[in-house]
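Please give me a short tour of this model, stop by stop. I have it open in a viewer and want to know what to select next and what is there.

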Amino acid sequence: MDFVCNFPFFSILISLFSGTICSVLPEKAAKAVNRIVIAAVGVMSGILLLYLLGTGESFVYWMGHFPAPWGNEIRAGILEAGMALFFCIIMYLSMAGGAHKLFDEVEESKHNLYYILINLLLSSLLALVYTNDMFTAYVFVEINTISACGLIMIRQVGRTIEAAVRYMIMSLLGSGLFLFGLCIMYDLTGHLLMSNIKESVALLIQSGEYQIPLIVSVALMCIGLCIKSALFPFHAWLPDAYGYSTVSSAAILSSLVSKGYIFLLIKIIYRVIGFEIFNNTRIIDVLFVFGLLGMIFGSLSAIKENDIRRMIAYSSVAQIGYIYMGFGMGTQAGMVASVFHILSHAATKSLLFIAAIGLTEVSGGSRKFIDLTGAGYRNKWAGVAFTAGSLSMVGVPLFSGFISKLLFAQAAVQVEGKMLAALIVLGISTVLNAIYFMKTVIRIYATTGDTSYPCITFKDMKVHAIVLLFFIVLNIILGVSSQPIVNMIEQGLAMFA
Amino acid sequence: MYLILLPILFPILAGLCLLVYRKEPERKLLTAFTGICLVITGALVVSALTLARQSLTLFYLTRTLPICFRIDEISVLFSLLTVIVFICAGLFAFVYMKHEQKEKRYYGFYLMVFGVLNALCFAGNLITFYLFFELLTLSSLPLVLHTGTKEAIMAGLKYLFYSLCGAYASLFGIYFLYHNCDTLTFTAGGVLQVSPASPEGRFLLLIAFVMILGFGVKAGMFPMHAWLPTAHPAAPAPASAALSAVIVKAGVLALIRVIYYIFGADFLRGSWVQTAWLTLALVTVFMGSMLAYREPVLKKRLAYSTVSQLSYILFGLAVMHPDAFTGGLLHVLAHGFIKGSLFLIAGAIIYTTGKTKVHELRGIGKEMPLTMWCYTIVSLGLIGIPPTGGFVSKWYLAIGGLAGDIGIFRYIGPIVLLISALLTAGYLLPLTIQGFFPGADYDYNTLQKREPARLMTIPILFMTILSVIVGLFPNIITDYLTEFVSTLL
Amino acid sequence: MIICIILLPIIAGILVPLLPFRKRSHKEIFLEGAVILNSILVWYLLLHHSESTFLLAHFTGDLNISFRVDGMSMVFAGLVSGLWPFATLYAFEYMTKEKHENTFFLFYTMTYGVTLGIAFAANLLTMYFFYELLTLVTVPLVMHTLTREAVLASRKYLYYSLGGAAFAFIGLIMVIVYGSTTDFILGGVLDLAKIGDRTNILLLIYVMAFMGFGVKAAVCPFNSWLPQAGVAPTPVTALLHAVAVVKSGAFAIIRLTYYSFGTEFLRGTWAQTTVMVVVMFTIVYGCSRALKETHIKRRLAYSTISNLSYILFGAVLMTPLGLAGAITHLVFHAVMKISSFFCAGAIMHQTDKRYVHELNGLGYKMPCVFGIFTVSALALMGVPGLAGFISKWNLAQAAVDSNNPLAYGGVACLLISALLTAIYMLSIVVRAFFPGRDFDDSAIRDVHDPNWKMLLPLFVFTVFIILFGIHSQPIVDFFYDVAAGSY
């Protein structure tokens, strides 16, 4: 076993402990530690990814050298490593992009707490990505929930507390259901390690026993994770949570936290239940339908919104609908499209949140569209970035959104029964996306008449601008040279099996 | 051979020059120029007529759409009529147009219409014909609009709408004809090789009907006649004369060309299309007369009369019998001269007295005896009393009608023509009677001789004489016609 | 070479706000020079083109961005490159009255490159890419005046265009999945073996894609963006919303129908019937709306809607003749409509009048403009001897030849539309030249024809209208060859 194989474990551990350290460090140092940890984890994930691409095989890492079924395991494949790398990149950029707003939004004394929460969040995300053990997954789901809740609440404004409470309740409901499902599964199979459960499930299916409890268990886990990742109609907590928290939190929450759960679901589908078995249940049809509904209703809510941040938040509901639609197709291609969309959406959504803050900054801090009129001229970088993000969301070629749309559509065509529905909803959803994103883009470029707000030049916002630039580049990379990434996803999914 | 182009291009270019010329030239100069142009054009037409039976293919619009000209008997007939009426009405206008504005524009378009009409007469295939048919509408539109009053503009737009309606209906037909014929060159006896009983044949009958309706618009055929009584009176009198005497004949010419030179009379004879056409023509004959009878305004009355009289011609064409056809062609001439002079007379009356309604014109015969004598003679001609032109043409029409193979219309036709002749008498003669016999209470003291200027009376007189000549010596024309009519039918 | 041609105007456009021009005339020379140079390059390329495909970049899978010159691209690129230098010249004069000149010329020139990209696209994906790009670079032009009206219009334009592209995208997917390649091949690329019994679904998708691309070509019911977009400066309305943008929609539909789905597959199906009915309805609908409209540019925009559907009517006949007719009208209509739009722009520029009823008597004050307008009006009506007649003739012949009874109805629609065209165009002419007997022209005494920069393009277009009308044989023969696939 190479040294590199320790990296997953290291990265989880580093981020977990750095959180603890942050609590005693002065604020500046905490910030530095936070950044360094994220960067380090990112670098490690990158090296790991290269290593895995080199070997072409996934590996299982025994915690404390106890073999299954007793020990706790970590598993790393291309997809895991890639996901971890990507999460780190997004997180780093989001933190950097939102840093200058932190002082306005969060009390001085709470800054340390903020970094702690971020580190915890990172460690829980990494754990969700790497773990091969269902119970460990559950534990980190809870850690994730708590840290996310803290991130929402830390900006102690009336609405955020309400949003945090709502988020807490919904999330706990979700994790509760997940726990139920897990219990039943344990009852049926007697295992907690994913690979072991999978063998037992396969035997159960063959024997034809306990079919209904099995389905119930799977359904409960699915619903639990759906609630947590805000699939329509469980999205009520989302707009407030994303809309009123700090910028970095919003960007991270929307692009990473919900994606962590979705990634866990993918792991469950492949590693716990088995792709084939999962596809034979009716659950995928339900996911498909709710995915489609989410795509439409999320966008419709976004159209009605007149607050830019809440609009972007609602758009997440629609985008998560896309991802679940991909699951619902029940094909490898659909899954690839979904995973790609996880990346593409994460890159785009955080870009939008960070750009939106740039726009609201030059509009007297107001997030209402009426005040944003002409903001694109006052803050050119944010304007361009927001436009780029919007175009990506609408699915204009060159940007990542186009590729995910392309992949979804291509996947849809292979599924006879669901093809038309998927394609038409894809079309409608694009129209709706165009309506609210383009409305905003036109709004921010509408007129230069009102000059009561100050303009911001590049000098005043170097970091912000560079972050935005990175995000745009990331989007375009995903959009232009998508083929290697798609190949990697395919390989990664193949390793799951 | 290119001589054939001269009578077309010369007036059009002359007209364009007038229009493009920026300043309003001195009146004398303008009339002199126009007069010379008219006369030269007339001479050119006559010299071009020597080229009969030769054809000139000018160029191709697309690979299969040639623009070509050819002169045959029909061309001769129509172009002579055009030349005479246009020169007469042109001379008349030199005096009449004094009280209108923008004379330059009027003469410009007048010359252009002249050229276009010549082209229409000389057109050698349907595409060329259609080209000039549309141009005719467009170039004559300014003549209707000329006075610039609200009514004139509305009338002009109405004219445009109806004419284009008709033109496009015909174009619809042309599209299909082109598809079914090898060529659209005018050939006596038709170029269509399809039997009317075949499926395409049945469809083409429908197309024929659409084209009859379409070109019938220009000839004021019911149900698309409404533009005529609106547009003709709105134009200045010399323009009305040209419109009523010649321009509407373009519709007749079109129908002759399409039915006898493209479809072929045999294709339509005995079909429902012929029946429908006859019915429409007769309805128009009767209706036009009735409406004219009820109309108090002189120029409008004459316009309704035109509606009615044109359908005499159409009836002659629809019967598809040599005699009726000859009658129709004779009536083209007779009606051309008669209606031309009637409108000029109406213009003369308006010019001198300013009165437009028939009942205001008591005693007009005492004031303008020469004019009113002419009026009386041509009226009698239009009614069909020998020895005027109208008599001969109607005679032929009736004979043809009776001899034609048209079922019950053999009897209905001549009867309707007779009734309409009575009505014609009813609407034309009251003016004569009132004019010469104003009644006992007429105040002869206020009477003054107001004979119009010589430039106005001479054209009137000339056309009156011509209409009588047509009646007195019809043989010249009929001999000329019968020979080629036999090739058509 | 092709890349060069596409990039040159884009770069030139970007340079406009960056370069420090000392005088306005320098900027004009720079822009006009760039545009003319590019047009020359385009024509050089068209005359010396090779069959080979130029591959720019790989996308996912076997999808790629590549360019090629074939018959259709020659037509479209030739048309666009012929018109652009004149339109730019016109724009210099027109824009003297507008603000934000640099932004305007930036996007105006960029659009040239993007449009050429559509023309030279070798496969559906490349075309789709430039198609979306076209929407994006033209939005700022619609929004140019930044008035509330302009903002609303550009919003609508974006919604419609992007939404339409979304449905066209589905068609793209179908071609990717069920076609043997996405390259444009006359006759279609669908692989019947792959389709199996999914014919109806594919037809449905075709209809959706047709309507999707149809949004740009202003097919009813997706046409309301076009008249609204008339708030843009006239060079934009004239060149983009009468030629480049809307014709791209028609061009895309032709590509989709003839080069991707293939006429063999579509002819005689319910899909053909459906789109033909839609197109026929649009022909009449556009004209009737034009009749009601009193704003000159909006009236012309409605006229464009109707005329675009002429092109589509030719396209949906799905015969080589139909394609030839469509191409003919595509080119001829461009010249006619740009001419009439430029006249409308000249009127607005010289007099600030924008409603039909304000035009009384202007014909004598601006004889050149109104004379040219009359010619274009007559051409649009389809008077023989002018360009419109030829294109309508070709369309009608194709329709008659197709032996499709519905197409006969289409011929009738063409003629009804011609009639309505006559009324709404000539009523303007009549007003201008026959203002009424007692018209008082003191209010418009100082009005006169614009200067040569505006008149030169107008004269050139008029010459072409007449030339195409009288001697169209060479160019129409070329169109027929293109439709038959000889290029």
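**Stop 1: two helices of chain C**

Select H8 and H10 of chain C: C:Tyr206, C:Ala209, C:Phe210, C:Phe213, C:Gly214, C:Val215 and C:Lys216 in H8(C) meet C:Val245, C:Val246, C:Ser248, C:Gly249, C:Ala252, C:Ile253, C:Leu256 and C:Phe261 in H10(C). Contact requires C-beta atoms, placed from the backbone, to lie within 7 Å. Helices (H or I, at least four residues) and strands (E, at least two) are DSSP runs, numbered from the N terminus. This is a predicted model, in which local features need pLDDT of at least 70 and side-chain atom pairs count only at pLDDT 80 or more, while totals for chains, interfaces and linings use all residues. Residues are numbered from 1 along each chain as its sequence is written, and chains are lettered from A and ligands numbered from 1 in the order in which they are written.

**Stop 2: the chain B side facing chain C**

Now show chains B and C: 28 residues of chain B are in contact with 28 of chain C. On chain B, strand E1 (55–60), helix H5 (126–145) and helix H6 (150–180) each supply at least two residues of that side. H6(B) gives the largest share, 15 residues.

**Stop 3: a hairpin in chain B**

Select E1(B) and E2(B), which a hairpin joins through five residues. Within the pair, B:Phe59 stands opposite B:Ile67 in E2(B). Strands pair if DSSP finds at least two bridges between them.
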